[in-house]
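Here is a short briefing on one protein model. Keep the sequence and the 3D view open as you read.

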Amino acid sequence: MGTIFSEITTVIWEYLLIYLLLGAGVYFTVRSRFVQLRYFFHAWKLMLGSRKTSSNEISSFQALCTSLAAHVGTGNLAGVAIAIFIGGPGAVFWMWVVALLGMASSFVENTLAQLYKTNNKDGTFRGGPAYYIEKALGLRWLGILFSVLLLTTFGFVFNAVHANSVSQAVSGHMAVSPIIVGLVIASVTAFIIFRGIHSIVRFAELVVPVMALAYLLIAFGVVAFRFDEMPAVITLIFESAFGLHSAAGGAIGYSVAQAMMQGIKRGLFSNEAGMGSGPNAAATATPKPNHPATQGIVSMVSVFIDTIVICTATAAIVLLSGQLEAGSTLNGIQLTQAALGGIVGGWGQWFISIAVIFFGFTSVIANYYYGESNLLFIRNSPRLLLAYRTAVVFLVFLGSIASLEMVWMVADLAMGLIALINLVIIVLLSGPVMQVLRDYDLQSRSGISPEFNRSRFPFLDRTIDKDVWVNKSESGDSLDGIGNGDFQESKSC
């Protein structure tokens with residue numbers, strides 16, 4: 001059974017998904033006229049200016065932190081080291097490439113999540129791929145399939161795995177029983193998730209910036225301490241990416257193909273752009289300006305921070321440490337720990353362990369919410385929600401004390417199917433997204449704070465819920481000289 005799962009997963013990830021994700025990224029980049037470059041600085045301005053909100057609303061910044069909490073995890077520390085070990089320093093270059101393309105994919109899927117979100121009637125919203133699959137295309141059965149896969153993968157499996165990473169980090173360095181660690185993690189998880197979405201986003205808003213900044217400060221300190229070596233490191237990355245350097249990476253040699261594959265996989269696995277997880281957080285926001293493209297633009301910051309900033313910080317630590325020598329057997333988190341420890345001393349390994357604890361735990365909290373949003377899509381039942389929360393707490397405890405190799409295999413397969421479904425859907429629905437982007441462009445260029453008027457988009461007006469994106473003015477004259485005819489009906493690419 002394990003062999004079958006492994007073979008299917010290999011086909012999906014290495015022969016289908018990587019090329020589809022890259023192809024979609026190129027397609028969205030060209031069609032949006034390089035939205036990730038045009039609005040790069042604007043995205044930061046929107047994100048930094050969105051922290052203030054009403055007591056009930058969730059801001060764009062809070063939604064961004066929730067998304068970052070889910071996919072900024074142990075993979076940023078261990079996965080990058082694995083990519084360099086197998087693919088060589090050139091993997092870092094291809095990681096950058098896929099992140100830049102992924103920013104466009106992230107814009108599309110998160111704008112769709114905003115358009116097709118559901119009003120919770122308490123000032124908050126929920127949504128994600130399952131919601132736009134049903135509302136835009138009328139395929140509720142596919143939305144339910146997507147929800148079941150995502151709930152199982154993120155809500156149950158990934159949470160158990162992240163809890164296992166936290167437990168190993170604590171018990172390995174502090175000689176604490178995994179059972180005790182599991183009870184503590186499960187208790188804190190229960191305290192947060194049983195208090196609802198506001199508790200989750202406040203936790204993410206507080207912890208994610210602090211843990212990311214702490215890690216980056218250490219990385220920048222390492223770069224500053226070894227600044228004279230950085231030109232050689234950057235040269236090594238580019239030469240290795242194009243096969244101009246013949247050194248060995250870790251215990252094995254590497255080629256251009258290995259560098260490309262490892263860099264692309266690391267980038268995709270890290271930022272999850274286009275894979276359908278981030279939109280579950282993006283849908284919760286009440287963006288300002290009041291336009292769905294606002295959250296799509298802000299979401300690009302998440303991809304940049306995750307891959308271009310945090311993953312690159314890990315790569316710099318590893319490459320500056322000198323740990324990548326022929327014959328070395330260090331890999332994954334052990335390589336990152338040894339690299340930082342070799343530069344700053346023994347406390348560096350402790351710091352990495354602490355970072356694993358925080359990264360892993362915030363991922364548990366955010367992944368729980370992804371599952372909750374999709375459970376409510378299937379059926380809005382207080383009893384089911386209680387059962388789901390209880391199951392998550394139990395699996396967090398179980399994951400802290402158990403080996404989960406087979407569960408990881410199932411999760412990889414389920415996540416591959418999730419990404420395949422979402423990619424096809426966002427390509428099909430990219431037409432309306434590009435119209436919404438054009439509307440945002442026109443208003444911005446006219447000096448107007450963008451305001452979404454659903455009546456200007458006939459297809460969207462019919463398919464999005466009536467109690468979201470309620471027009472403040474039905475006149476449709478927020479832009480002089482632009483009528484409804486400027487936005488032709490479109491539901492496909």
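Trp469 is buried, with a relative accessible area of 6% (buried means under 20%, exposed over 50% and partly exposed in between, using a 1.4 Å probe and protein chains only). The model is predicted, so local features need pLDDT of at least 70 and side-chain atom pairs count only at pLDDT 80 or more, while totals for chains, interfaces and linings use all residues. Residues are numbered from 1 along each chain as its sequence is written, and side-chain values use heavy atoms, with hydrogens and water left out.

**Backbone features**

- Trp469 lies in the segment after helix H20 (458-463). Helices are DSSP runs of H or I with at least four residues, numbered from the N terminus.
- Phi of Trp469 is near 50°, a positive value in a residue other than glycine.
- Phe34 also has a positive phi, near 60°, and is not a glycine. Phe34 sits in the loop between helix H1 (2-31) and helix H2 (35-38).
- Phe34 counts as partly exposed, because its relative accessibility is 41%.
- Lys288 and Pro289 are joined by a cis peptide bond, with omega about 5°. Pro289 is placed in the loop between helix H13 (279-282) and helix H14 (292-321).

**Aromatic rings**

- A pair of aromatic rings is described by the distance of the centres and the angle of the planes.
- The whole structure holds 15 aromatic pairs. Rings of Phe, Tyr and Trp (its six-membered ring) pair if their centres lie within 6.5 Å; planes under 30 degrees apart count as stacked, over 60 as edge-to-face and the rest as tilted.
- One of the pairs is Tyr368 with Tyr388, which is stacked at 5.2 Å centre to centre, with 15° between the planes. Tyr368 belongs to helix H16 (residues 347-378) and Tyr388 to helix H17 (residues 382-401), so this pair ties together parts that are 20 residues apart in sequence.
- Tyr368 and Tyr388 are both buried.
- Phe40, Phe41, Trp44 and Phe304 are linked into a cluster by ring pairs.

**Charges over rings, and Phe377**

- Lys117 lies over the face of Phe125, 4.1 Å from the ring centre. A charge sits over a ring if NZ of Lys or CZ of Arg is within 6 Å of the ring centre and within 35 degrees of the ring normal.
- Arg140 lies over the face of Phe377, at 4.8 Å from the ring centre.
- Phe377 is in helix H16. At 5% relative accessibility, Phe377 counts as buried.
- Phe377 and Gly127 are 250 residues apart in sequence, yet 8.2 Å apart in space, C-alpha to C-alpha.
- Leaving aside neighbours within four places in sequence, Phe377 is in contact with residues including Ala130, Tyr131, Arg140 and Ser147. Contact means heavy atoms within 4.5 Å.

**Helix packing**

- Two packed helices are described by the angle between their axes and the distance between the axes.
- The axes of helix H9 (residues 178-193) and H17 come within 8 Å and cross at roughly 155°. That makes H9 roughly antiparallel to H17 (under 35 degrees is roughly parallel, over 145 roughly antiparallel, 65 to 115 roughly perpendicular and the rest oblique).
- Axes are lines fitted to C-alpha atoms, for helices over the stretch in contact, and angles run from 0 to 180 degrees between N-to-C directions.
- Helix H4 (residues 60-71) and H14 pack at about 35°, with axes 10 Å apart.
- Residues of H4, among them Ser60, Leu64 and His71, meet residues of H14, including Gln295, Val298 and Asp306.

Note on methods. Helix = DSSP H or I, 4+ residues; strand = E, 2+ residues; numbered from the N terminus.
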